[in-house]
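Hi,

Here is the structure I promised to pass on. Have a look at it first, and then read on for my notes.

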Amino acid sequence: MQITFLKEIVGEIAGKQSRELVDLLVGKKDVNEFLIAKKLKLTINQVRNMLYKLSDKGLVSFKRKKDSRKGWYIYFWTLNTSKSLELLEKKFLEEITQLEQKLKNRKVKRFYFCEICKVEVSEETALLNNFTCPECGQVYSLAENEKIIKELKSRINKLKKNLEMLEKEKTKKSIRKTKRKTKKTVKKKRKKTAKKKKK
Ligand SMILES: [Zn+2]
């Protein structure tokens with residue numbers, strides 16, 4: 001599930017093609033960019049372009065090392081999973097707010113539609129145009145708000161479900177982190193007591 005989410009946000013930022021990057025980066029550290037280029041059958045510049053875009057948003061980080069033989073730099077890339085999920089959450093929330101605003105408008109306002117140009121206008125614009133499309137002369141018909149309201153509602157519900165799943169992923173991740181931390185502290189404490197015993 002996490003991979004699907006990661007691909008969504010990566011694709012959103014660096015283009016559809018970059019979604020495949022996730023498979024190569026997830027769960028790994030310092031992945032050689034030449035390896036990425038080879039696996040994705042892209043040039044090194046294409047790969048770097050995608051990764052720079054992701055790096056701008058903090059989704060990936062890099063280390064660079066100079067190749068002593070060839071004299072150029074090689075970049076090694078790491079995906080920042082938490083940051084990616086965080087950004088995706090923000091995107092979902094923004095979309096929900098936008099759609100809810102649209103839904104609100106639909107419920108209180110009327111819209112008009114030109115069947116020929118397939119263009120929708122607000123009631124104010126329709127009134128200004130005498131309820132006739134200025135492009136083709138067709139008389140506007142009333143837009144079917146009910147259908148659009150239904151669509152908007154289903155899109156909002158879908159996003160809310162995604163958001164819920166995302167929250168679950170984030171909780172799972174933070175639980176794992178806490179567990180790891182507790183393990184570390186326990187180890188440290190053991191070391192300390194062992195040292196004290198030696199003294
Ligand atoms: Zn028209």
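This is a predicted model: local features need pLDDT of at least 70, side-chain atom pairs count only at pLDDT 80 or more; totals for chains, interfaces and linings use all residues.

Helix α3 covers residues 33-40 and helix α4 covers residues 44-56. Their axes come within 9 Å and cross at roughly 110°. Angles from 65 to 115 degrees count as roughly perpendicular, so α3 is roughly perpendicular to α4. On the α3 side, the contact is made by Glu33, Phe34, Ile36, Ala37 and Leu40, and these meet Ile44, Val47 and Arg48 of α4. By type, that contact has 6 nonpolar residues, 2 charged ones and no polar ones.

**The sheet**

Three strands make an open sheet, ordered β5-β4-β6, with antiparallel pairing. The edges are β5 (119-122) and β6 (141-142), each of which pairs on one side only.

Strand β4 (residues 111-114) is joined to β6 by 2 bridges. Here Tyr112 has Leu142 as its bridge partner, and Phe113 stands opposite Ser141. Towards β5 there are 4 bridges, and Phe111 is partnered with Ser122. The hairpin of β4 and β5 has 4 residues between the strands, and Lys118 takes a positive phi near 55° there.

Cheers

How values were computed. Residues are numbered from 1 along each chain as its sequence is written. Axes are lines fitted to C-alpha atoms, for helices over the stretch in contact, and angles run from 0 to 180 degrees between N-to-C directions. Angles under 35 degrees count as roughly parallel, over 145 as roughly antiparallel, 65 to 115 as roughly perpendicular and the rest as oblique. Two residues are in contact if their C-beta atoms, placed from the backbone, lie within 7 Å. Ala, Val, Leu, Ile, Met, Phe, Trp, Tyr, Cys and Pro count as nonpolar, Asp, Glu, Lys and Arg as charged, and the others, Gly among them, as polar. Two strands pair if DSSP finds at least two bridges between them.
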